[in-house]
Amino acid sequence: MVNYTPETRGMKKESTTTDVLAKDIMQKSFVQLKESQVTAEAAQTLLDYKLPGAPVVNEAGELTGFISEKDCLHRVIKSRYLNTPSIPISEYMSTELVTVSPEDNLFYVVELFTRHPYHCYPVVENNTCVGLIYRHNCLKATMENYRRGYA
């Protein structure tokens with residue numbers, strides 16, 4: 001997995017004592033898929049949990065990629081057209097990921113969301129996904145800050 005965390009326009013990743021951090025607003029309970037799972041399993045899991053995507057882990061539990069609804073759609077269409085059996089999601093999952101740290105501040109994460117088309121980011125610590133952070137998590141926290149006069 002390539003952990004690609006871009007620099008944002010002058011935004012500091014470090015937090016101050018009053019900052020909301022990624023770990024404060026991330027989803028701590030989330031679905032992970034295994035590299036060996038096949039398209040139909042991955043797609044059904046995304047449908048069952050109404051998810052736009054999910055992190056993919058190896059046997060050691062380390063984050064190795066991310067699979068999205070779009071990835072599954074591409075593979076299902078290709079599989080149907082070519083009449084090929086399902087393959088492990090490790091062969092077509094996204095491996096160049098934008099991730100955040102649990103200690104990244106809210107406004108850094110918001111800046112990432114405004115610069116990239118992703119619906120969520122894996123929150124990674126020691127190569128392990130410890131949570132997911134969605135756009136709506138950031139919007140909710142930003143609005144709470146706004147109401148308190150911090151935005």
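**View 1. A nonpolar surface patch formed by L139, M143 and Y146.** In this predicted model, these three residues together expose about 330 Å² of accessible area. One of them, L139, sits in helix α5, which covers residues 135-148. L139 has a relative accessible area of 55%, and because the cut-off for exposed is over 50%, L139 is classed as exposed.

View 2. Leaving aside residues up to four places away in sequence, T39 touches C72, R75, V76, S86, I87, I89 and Y92.

**View 3. The side-chain contact between T39 and Y92.** The side chains of T39 and Y92 are joined by a polar contact of 2.7 Å. Y92 is also among the residues that T39 touches.

**View 4. An open sheet of three strands, β2-β3-β4.** The strands follow the order β2-β3-β4, and their pairing is mixed. Strands β2 (33-34) and β4 (63-68) form the edges, each of them pairing on one side only. Strands of a sheet pair through backbone hydrogen bonds, in either a parallel or an antiparallel sense.

**View 5. Pairing of β2 with β3.** Strand β3 consists of residues 53-57, and β2 pairs with β3 in the parallel sense over two bridges. K34 has V57 of β3 as its bridge partner.

Definitions and conventions:
Residues numbered from 1 in each chain as written. Predicted model: local features only at pLDDT ≥ 70, side-chain atom pairs only at ≥ 80, totals over all residues. Heavy atoms only, no water. Patch = residues over 30% accessible without salt bridge, like charges linked within 9 Å, V, L, I, M, F, W, Y side chains within 5 Å. Areas by Shrake-Rupley, 256 points an atom, 1.4 Å probe, with all protein chains shown as cover. Salt bridge = Lys/Arg side-chain N within 4 Å of Asp/Glu carboxyl O. Helix = DSSP H or I, 4+ residues; strand = E, 2+ residues; numbered from the N terminus. Buried < 20%, exposed > 50% of the residue type's maximum accessible area, 1.4 Å probe, protein only. Polar contact = N/O pair within 3.5 Å; in protein donor to acceptor, adjacent residues only side chain to side chain. Contact = heavy atoms within 4.5 Å. Pairing = 2+ DSSP bridges.
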